[in-house]
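Trainee: I have a new structure to read. Could you walk me through its features, one at a time?

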Amino acid sequence: MSGTVVGEEAGALTARSRALAVLRVRSRALALVLLPAAVAVVLFVGGVTGRIGGGRWDLARWVVTSAAVLVLLAAAVVAAVIARARPAVSPTVPLAPAAAPDLYRLVEDLAERMDVPAPSAVALTPDCDSWLEDRTHRAHGPRRAPRTTSRDGAPVLVIGSPFLWWMRVAELRAVLAPVVAGTGPSAHPDIAAARRFVRGLDAAAGLAARPGLGPVRRLACGAVGRVARVLLRGCRGHAAEMERGVAAAASERAQAVDYGLRIVAQEQVGLAYAGWDRLLTRVALPAWRMGRWPSRLDAGVVSALTELSRRDRLAEGFASRLGERPACDLLEEPGAVDEAASLLAARLFHGGPSEIGPDWSPVDWQQYPEEVVDRKWRTEAARLHRVLDAMGVRPSAGVPAGPTLARVMEHLAGRSGAAPEPPADAPAQVPPVPGAPGTDGPGAVLAAGISADVAREEAARERSTAPPRAADRTGDAPDPWGNDPLPLVPLQPPRTPRELLADHVTAMVCCAAVDTAGAAPGMDWLDGPALLINGERRADLGTRVLSLVEDGDPEPLRSWLATAGVRAEKPVRLV
């Protein structure tokens with residue numbers, strides 16, 4: 001126990017010393033601003049006492065005084081802008097005490113056991129992380145009433161929503177202990193002042209990049225931003241060391257609370273992150289691109305992680321935890337909270353609208369195969385044939401006309417009845433390397449056309465998306481969307497034309513399998529859209545499609561189609 005106390009005190013001392021170093025940067029800046037005024041005062045006092053006189057001294061006195069006035073005015077403007085700049089707030093789902101009384105009691109009990117102030121509120125983020133966030137700036141809350149208790153100035157506890165659904169109550173408590181312990185150092189006046197100073201500088205540094213500024217305001221904000229960046233460079237290292245000291249002190253203080261269980265809980269954090277990432281990139285992202293957003297992402301993460309536990313021998317035994325009480329039971333209405341977090345996840349990671357609309361509607365997991373997977377396949381198949389029509393591609397002899405898989409295969413194999421011409425609105429492409437797979441021939445031209453069509457649709461979607469709401473400086477809660485461009489955290493880089501072509505050919509094969517071989521659209525919790533033939537998932541299609549797309553070799557795919565009973569010459573139903 002004594003070692004814990006010593007470690008905590010060492011971390012707290014480091015944090016306080018670094019906070020003082022940050023404040024010294026502010027003091028030096030203030031001293032530099034006051035220096036011309038001090039010189040002017042000396043010159044005036046010397047003139048009044050008769051010690052400094054004469055024409056040259058009179059001229060110097062007024063020049064220095066004028067410079068001091070200009071410096072003071074400029075400093076006042078910079079200080080006012082920094083003080084009024086709105087620090088960034090993480091988009092979160094707020095949780096009122098009435099919506100999660102058991103969760104608030106758990107957090108308050110943790111704070112009481114560690115003898116630290118309780119967080120002022122609890123909020124959820126659609127990510128696998130938890131932290132404390134200071135929202136005491138006047139732009140983040142009401143102005144009508146002064147703070148009367150120490151809790152009113154405490155930071156907000158932000159909890160990753162996947163943790164609530166995957167972790168058990170005891171595990172969540174163990175994971176949150178070191179986070180909640182951070183409210184102790186946050187209450188220290190020097191640390192709090194240093195953090196406010198750094199946050200103000202950070203907010204002022206980005207003012208010029210905000211939309212809606214006129215040329216004069218943008219120029220003024222740019223000048224203030226340059227000053228703020230200079231000050232930030234001077235205190236960046238001290239601020240980083242201060243935060244490390246705060247984290248060390250909080251970690252040492254939390255060791256007395258569920259320390260043994262925390263080691264096991266940290267394993268669940270890593271597992272939750274792995275399953276959450278797969279669920280977003282493989283399952284949610286295809287739905288978002290179709291204008292649908294899964295409304296139970298956090299519930300889906302349990303299924304994804306259970307499947308991951310089943311497949312991974314290292315995760316064996318984790319599924320047995322599901323018999324214990326899940327942390328989402330601490331919420332009064334888990335379904336409503338899950339839906340709000342799912343919509344926020346779509347907003348952050350994909351950039352969808354903040355409200356439900358005809359082109360942006362929720363989808364349940366039961367309807368996902370029909371409303372997302374099947375629609376995705378048929379939409380991409382329709383785009384593939386639309387581009388082929390625009391290129392003037394005609395089927396070769398013996399290949400039926402219409403939207404058939406045989407038409408696509410014949411074209412990519414170089415046997416279609418007309419030489420392809422690139423669409424007029426295809427994007428400029430880098431000159432291909434002759435002979436490189438997928439970079440020349442009919443596949444490259446088709447890929448360019450598909451890429452252009454996808455780019456047009458995405459541009460139209462972005463134009464139809466409502467802009468972020470303006471910051472509400474008079475409301476009772478911070479604006480959850482802010483003024484930053486979304487998505488803030490894109491999940492994947494833009495797909496290349498070759499990847500788009502492979503996706504569209506795969507979609508065409510799946511449509512043909514559904515329409516001619518009795519297959520069905522399905523969903524895999526870790527891999528997303530899946531093709532089910534005779535009730536079993538077929539995961540061996542990708543390599544055959546790549547052989548056709550990259551090498552122009554249709555034989556592997558033809559063999560696969562024959563084995564699955566898919567008839568490539570039959571027209572398929574498109575959207």
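Mentor: We will take cysteines, a helix, the strands, the loops and a surface patch in turn. Keep in mind that this is a predicted model.

Trainee: How many disulfides does the model have?

Mentor: General idea: a disulfide is a covalent bond between the sulfur atoms of two cysteines. Here the count is 0 disulfides.

Trainee: Is Cys221 buried or exposed? And is Cys328 buried or exposed?

Mentor: Use the cut-off: buried means under 20% relative accessible area. Cys221 has 14%, so it is buried. Cys328 has 11%, so it is buried too.

Trainee: Now a helix. What span does α7 have, and what span is expected?

Mentor: Helix α7 covers residues 189-205, which is 17 residues. From first C-alpha to last, α7 reaches 24 Å. That is close to the 24 Å expected at 1.5 Å a residue.

Trainee: Which residues of α7 are buried?

Mentor: Start with the general idea. An α-helix has 3.6 residues a turn, so residues three or four places apart point the same way. Now the case here. The buried residues of α7 include Ile191, Ala194, Arg195, Phe197 and Leu201. Gly200 and Ala203 are also among them.

Trainee: Next, strands. How do I read the pairing of β1, β2 and β4?

Mentor: Look at each pair, its sense and its bridges. Strand β1, residues 93-95, pairs with β2 in the antiparallel sense over 3 bridges. Pro94 has Ala123 of β2 as its bridge partner. On to β4, residues 156-160: β2 and β4 pair in the parallel sense over 5 bridges. There, Val122 is partnered by Leu157 in β4.

Trainee: How many residues of β2 are buried?

Mentor: Strand β2 spans residues 121-125 and is mostly covered. Of its 5 residues, 4 are buried.

Trainee: In what order do β7, β8 and β9 lie in their sheet?

Mentor: These 3 strands form an open sheet in the order β7-β8-β9, with antiparallel pairing. The edge strands are β7 and β9, and each pairs on one side only.

Trainee: What joins β7 to β8?

Mentor: Strand β7 (residues 520-524) and strand β8 (residues 528-533) run antiparallel, joined by 5 bridges. They form a hairpin, with 3 residues between them. Met523 stands opposite Pro529 in β8.

Trainee: And how many bridges join β8 to β9?

Mentor: There are 2 bridges between β8 and β9, and these strands run antiparallel. Ile533 has Glu536 of β9 as its bridge partner.

Trainee: Now the loops. What should I look for in phi?

Mentor: Most residues other than glycine have a negative phi, and most peptide bonds are trans. Asp115 is not a glycine, yet its phi is positive, about 60°. Asn534 also has a positive phi, near 55°.

Trainee: Where do Asp115 and Asn534 lie?

Mentor: Asp115 is in the loop between α3 (101-114) and β2. Asn534 is in the loop between β8 and β9. Apply the other cut-off: exposed means over 50% relative accessible area. Asp115 is at 66%, so it counts as exposed. Asn534 is at 74%, so it is exposed as well.

Trainee: Last, the surface. Which residues form the nonpolar patch?

Mentor: Leu30, Leu34 and Leu72 form it, with about 250 Å² of accessible area together. Leu34 sits in helix α1, residues 2-49. At 41% relative accessible area, Leu34 is partly exposed.

Technical notes. Residues are numbered from 1 along each chain as its sequence is written. This is a predicted model: local features need pLDDT of at least 70, side-chain atom pairs count only at pLDDT 80 or more; totals for chains, interfaces and linings use all residues. Side-chain values use heavy atoms; hydrogens and water are left out. A disulfide is a pair of cysteine sulfur atoms within 2.5 Å. Buried means under 20% relative accessible area, exposed over 50%, partly exposed in between (1.4 Å probe, protein chains only). Patches are made of residues with over 30% relative accessible area and no salt bridge: like charges are joined within 9 Å, nonpolar side chains (Val, Leu, Ile, Met, Phe, Trp, Tyr) within 5 Å. Accessible areas come from the Shrake-Rupley method with a 1.4 Å probe; for residues, only the protein chains shown count as cover. A salt bridge is a side-chain nitrogen of Lys or Arg within 4 Å of a carboxyl oxygen of Asp or Glu. Two strands pair if DSSP finds at least two bridges between them. The expected span of a helix is 1.5 Å times one less than its number of residues.
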